[in-house]
Amino acid sequence: MNYAIVPIILYLTLFKSAIAQCFQDPNTNAEWAQIINGDSTSTEFSIEGTCCQEAVCGLKCAQETPPPAKEYGKAVIASILFFVSVGFVSIFVIKGKSENYFVAGRSLPLWVITATLASQAIDSNALLGCVTLSYKYHFWDGAVLPIGLGCSLILNSVFLAKHINLDRALTLPDVFAKRYGKLVEAMVSLCSITSFLCLLAGNLVGMGSILAYLLTMTPTGAIWMSAVLVFAYTVAGGLYSVAYTDVLQAAVGWLGCMILAFYSIKNEKLKAPPPSIGFPSYIYPDETTCEMYDGVPCEYDVSACCYNTEKWCPSDDQCFYDNGAYPFGDQRHFHDQMTSAYSLSPFPNALVFNWATIFVLSFGNLAALDFQARCMASKTAKVATIGCLLAGCLTFMVGVPFAYLGSITRVHYGPDSARASFETDSCHIALGQPTCSMWLPDKDAFVKYLTNEVPAFIGGWCLIGIVASSMSTCDGAILAMGTVFSHNILRNVGYFLPYVSKDFIEEENLITVARIISVPFTMASAVIATLYRSNHSLGATGYLLIVAFDIVLASVVVPLFGCFYTRKPSPLAAFCSILTGISARVILEFTLPKDGNLLMPFDGNEFLNYGAAASTAFPAFFDVPAEQHWDPSVDGEQCEQSRCNDWTGVDSLAAPIVALLVFVLIQWLERDKPIFNFANDGIMVGYLKDGQIENVSEKDDVRMDEVENAMDDVR
């Protein structure tokens, strides 16, 4: 992204009225005013009819993208209303039974389970977040999201799905209640709900960003509208409405997204930005690029090859040029991005964070309430196992191709495009630029690509697909939070607070309470979404997705494996594991250095932050007299940069390791007898929730007809 600076001589003919403050430092602003105005006493300069990046750097102001056609918004709204109406129909199916509401009567077949599991993974976090990150950074920065989510489904298939289904639980915390008791059940419930507040918020951001752009709404209004629409049909029909709308959303969403991805990959002439053609006085970096664009000998350095002005820019209205952002061209992906911190040089690579993301999503998602609710709702354990495996493969198939769209989007909305914006008051020594070094990605770039660069039908279908995918996860998150809080926390309040009746939540009012309690959770997620929609370098969708499963990875995942892979799960081990995991995560969050760049402090100029504008001189890729080139070693011309220092990802990896060590240690100490003897009817002793059967999950060869017979006896 070597962003060019056109010769300052061009500036002297420009703009005389709107006063500019293009630099935070008034002395720098005055220095540029003197150059632009040709007056040694000037302290201000005008940018009327132009912008800072053109007045200072000669980079044309970013072109405005035409607003989307109204038909896009109408199509998306119509599809949303259709999905909502389907969800409402299912209210007649649940018949007031909590088992129907929470786990769809444990009746869902393989095709529904596969679709609804994949729909939970393939949401706006995995799709919109993936392409946004690969557009802003590079391929693997986006691809790690669907890869991590797909891996989690495959891991769930191998290690947990069968056991979860055989346990006959209504919610994931029920599994913990059976082994560890009410206190651990409450702790797991609170951690899981906190996680899903973030997951729901991330999807509301994704859905809201599309609606805001298409309907010209404020982002906040679009987020709240999204929350209301999804909430309405979710609380009406419970998991039945969620599951069967997921199937419809999957059929529409996956197909539309896959068609768009493969259409763009096949038909786009440029799959990634090519080597920059440059601009007048631009020096090509090598002979190959020179020959590609029929370069000519430079004026001041005759040994170098420069932009052919006569061929490419014979007049102002017949001028073909770019910003010089890619001297050697970009690539669709770099083969060593996941093995070398320097693979994107001269730009940094978030190597550690990308691997941490895969780990967090792969293992943290094993404690996802919505994933495991679908395993519980599966008709048999075999259906749950195979469904997870197929859904994981589908997540790879649909999600990973979206990462390839990042480089295609950069062709149209990247730093070498006519729509590029740059921070004028920025320098970077690795780029060799004293000003205008930092590109400012367009947060709506991919939505603009869909509404302007591809056939309307395909672009509209993909937009509907992303919204449908987002709805499928939103509804699952809303249902999961309401279910867990009502069933696993409120029903147990009486055991923690003596003055509260132990029976104030019963089977008859459980669904009503779950619906009511879903309201504040949905509102809380909408508030989080409005606060975080654009305040992180990852973007809110990717950031909130990782935060969601970071929480449960630190707290819930280790004792979850302990439920099924220890001979006698210890309530004390689970309690201490959760407590130390969360404590470690919180402590590391506030003690590890974090500057917001997600980049470890590796050596090299690539890992320096951008500095403020350093000089009025030209970069070395300009054909000007040598004394006018920027020399960052000269006093007063230096680019003051600090080294990136962000250890995000290390905390995510360390916390579950601490939790695991504590769990294993206490399990070992209690191998012969418990450290403490808890009361048999206390909150630290496992118990059976409604419908659960003792030890069923510990028998791998139990047939489902035997389980059903046992269930009949319980009833």
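By the rule used here, the count comes to 3 cavities of 30 Å³ or more. A cavity is a set of points on a 1 Å grid over the protein atoms alone where a 1.4 Å probe fits but cannot get out, and lining residues have an atom within 4 Å of a point. Grid points are joined across faces, edges and corners, and a volume is the space filled by probe spheres set on the points.

This is a predicted model, where local features need pLDDT of at least 70 and side-chain atom pairs count only at pLDDT 80 or more, while totals for chains, interfaces and linings use all residues. Residues are numbered from 1 along each chain as its sequence is written, and side-chain values use heavy atoms, leaving out hydrogens and water.

The largest cavity holds about 100 Å³ of space. Its lining has 13 residues, with Leu170, Leu369, Ala373, Ala480 and Thr483 nearest the centre. Which helix gives the largest share of that lining? H19 does, with 5 residues. Helices here are DSSP runs (H or I, at least four residues), numbered from the N terminus.

The second largest cavity has about 50 Å³ of space. Among its lining residues are Gln120, Asp123, Asn365, Asp370 and Phe549. Helix H6 (110-121), H16 and helix H22 (540-555) each supply at least two residues of this lining.

Back to H19, and its contact with H18. Phe446, Val447, Leu450 and Thr451 in H18 meet Gly459, Cys462, Leu463 and Ile466 in H19, contact meaning heavy atoms within 4.5 Å.

Notes
On a 1 Å grid over the protein atoms alone, a cavity is a set of points where a 1.4 Å probe fits but cannot get out, and a pocket is an open set with protein on both sides within 12 Å along at least five of seven lines; lining residues have an atom within 4 Å of a point.
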